[in-house]
Amino acid sequence: MMKHWIVESDVDNNKSYPQIVDAAKVLQQNEVVAFPTETVYGLGANAKSDCAVEKIFEAKGRPSDNPLIVHISNRDQLEGLVAEVPEDAASLIDAFWPGPLTIIFKNKKNVFSEKVTAGLPTVGIRMPDHPVALAIIEASGLPIAAPSANRSGKPSPTTAQHVIDDLEDRIAGVVDGGETGVGVESTVVDCTGPSPIILRPGGVTKEQLEEVVGKVEVDPSLKEGKGAPKSPGMKYTHYAPDAPVYLVDGTRADLQKLVDIKKEEGLRVGVLTTEEFVNDFQADVILSVGRREDLSTVAQNLYDTLRTFNRSNVDIIFSEMFPEEGVGLAIMNRLQKAAGYRVMKG
């Protein structure tokens, strides 16, 4: 039976906190435990153990060529895990750790399970900015591999209940630390080459990165999701609700025309929009994902909104699009994957 530990995220969680101690012991036994981070809930296991990491893939139904991100609780752990820390990586660590930034390093041989790296010579590592996550990792004494704690392809979890809905009886336990903050996963930046490259946009924006290290490229394969993934989120359809999602590149009137056409066909139609425009549409289900004037609210609510559509029994979902600036780049990356890159022109 899955354990459910409840921990207040605003208290001083340390290695003596009973729920933390218990969860850490379960991780030390090479079992899988979900826990909150500042981005989404992660599905954690001992990154050095083939047995433990395999349980992540089994629970999620995750493709084996999709690498995992390793979570640590302090910078000193890096020395034993990576071959080197390049200058750009060190600068980004100083600026954004702990926080929603994953950095790709050249890994040390024979440290991680090959299932973590998917056979690549590199590994993604981050230090989460969440007291519960940091306490669990520190108490376990292990580097923790932790993708999002959901069934592969489905919207990522931002509450413990989302984890339970997807993975009950598939994992050893979940640490319930309340709702997460950022809402979309960490930004992944490859620092193994001559200049940093964003492999996955996320909670730290391109603009913020460039303030620290200068010019930062965006991997062109992000748009197509083709090729062997060098980072989680680069391939496969992700974040998708049960009903098909279509992004609408046009006006609100264009979106409404599409709704009307599908309603005439007898379909139950959903619309994903923002607070500012929620009253501008006529559809079976209209959900606001946040405020267009503050895209951080859209990022925070995106996955919960996609999951809400599953409870509404819609047959098809039309979504507005967002400017690909700041956190909007991460929002559109997730929506494009949720839609399987389907875009309808107005």
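Predicted model: local features only at pLDDT ≥ 70, side-chain atom pairs only at ≥ 80, totals over all residues.
Reader: Why is the pair Glu-210 and Lys-206 called a salt bridge?

Author: A salt bridge is a side-chain nitrogen of Lys or Arg within 4 Å of a carboxyl oxygen of Asp or Glu. The closest N and O atoms of Glu-210 and Lys-206 are 2.8 Å apart, so the pair meets that rule. By the same rule the count comes to 15 salt bridges.

Reader: How are Glu-210 and Lys-206 placed relative to each other in helix α7?

Author: They are 4 residues apart in helix α7 (residues 206–213), and therefore separated by about one helical turn. Helices here are DSSP runs of H or I with at least four residues, strands are runs of E with at least two, and both are numbered from the N terminus.

Reader: What makes Glu-210 and Lys-206 "partly exposed"?

Author: Buried means under 20% relative accessible area, exposed means over 50%, and partly exposed lies in between, using a 1.4 Å probe and protein chains only. Glu-210 has a relative accessible area of 25% and Lys-206 one of 22%, so both fall in the partly exposed range.

Reader: Which parts of the chain does the salt bridge between Lys-263 and Asp-284 link?

Author: The side chains of Lys-263 and Asp-284 meet at 3.2 Å, N to O. This pair links distant parts of the chain, since Lys-263 belongs to helix α8 (residues 252–264) and Asp-284 to the loop between β13 (269–273) and β14 (285–288), 21 residues apart. Lys-263, at 35% relative accessible area, and Asp-284, at 32%, are both partly exposed.

Reader: How do you know that β2 and β3 pair, and in which sense?

Author: Two strands pair if DSSP finds at least two bridges between them. Strand β2 (residues 33–36) and strand β3 (residues 41–46) have 4 bridges, so they count as paired, in the antiparallel sense. Within this pairing, Phe-35 stands opposite Gly-42 in β3.

Reader: What makes β1 and β11 edge strands?

Author: An open sheet of 11 strands with mixed pairing runs in the order β1-β8-β2-β3-β7-β4-β6-β5-β9-β10-β11. Its edge strands are β1 (3–6) and β11 (217–218), each of which pairs on one side only.

Reader: What makes a set of residues a nonpolar core, and which residues have the most contacts inside the largest one?

Author: A nonpolar core is a set of buried Ala, Val, Leu, Ile, Met, Phe, Trp, Tyr and Cys residues joined through side-chain atoms within 4.5 Å. The largest such core has 48 residues, and those with the most contacts inside it are Trp-97 and Ile-125. Its largest share, 5 residues, comes from α2. Leaving aside neighbours within four places in sequence, Trp-97 is in contact (heavy atoms within 4.5 Å) with residues including Ile-72, Leu-78, Ile-103 and Ile-125. A second, separate core of 27 residues includes Val-298, Ala-299, Phe-322 and Met-332.

Reader: How do you know that the span of α8 is close to the expected one?

Author: The expected span of a helix is 1.5 Å times one less than its number of residues. Helix α8 has 13 residues and reaches 18 Å from its first C-alpha to its last, close to the 18 Å expected. In α8, Asp-254, Leu-255, Gln-256, Leu-258 and Val-259 are buried, and the buried residues of this helix pack against β12 (245–249), β13, β15 (316–319) and β16 (343–345).

Reader: Which peptide bond is called cis, and where does its proline lie?

Author: The bond from Trp-97 to Pro-98 is cis, with omega near -10°, and Pro-98 is placed in the loop between α3 and β5.

Reader: Why is Asp-169 called exposed?

Author: Asp-169 has a relative accessible area of 66%, which is over 50%, so it counts as exposed. Asp-169 is found in the loop between α6 and β8 (173–176), and has a positive phi of about 70° although it is not a glycine.

How values were computed:
Residues numbered from 1 in each chain as written. Heavy atoms only, no water.
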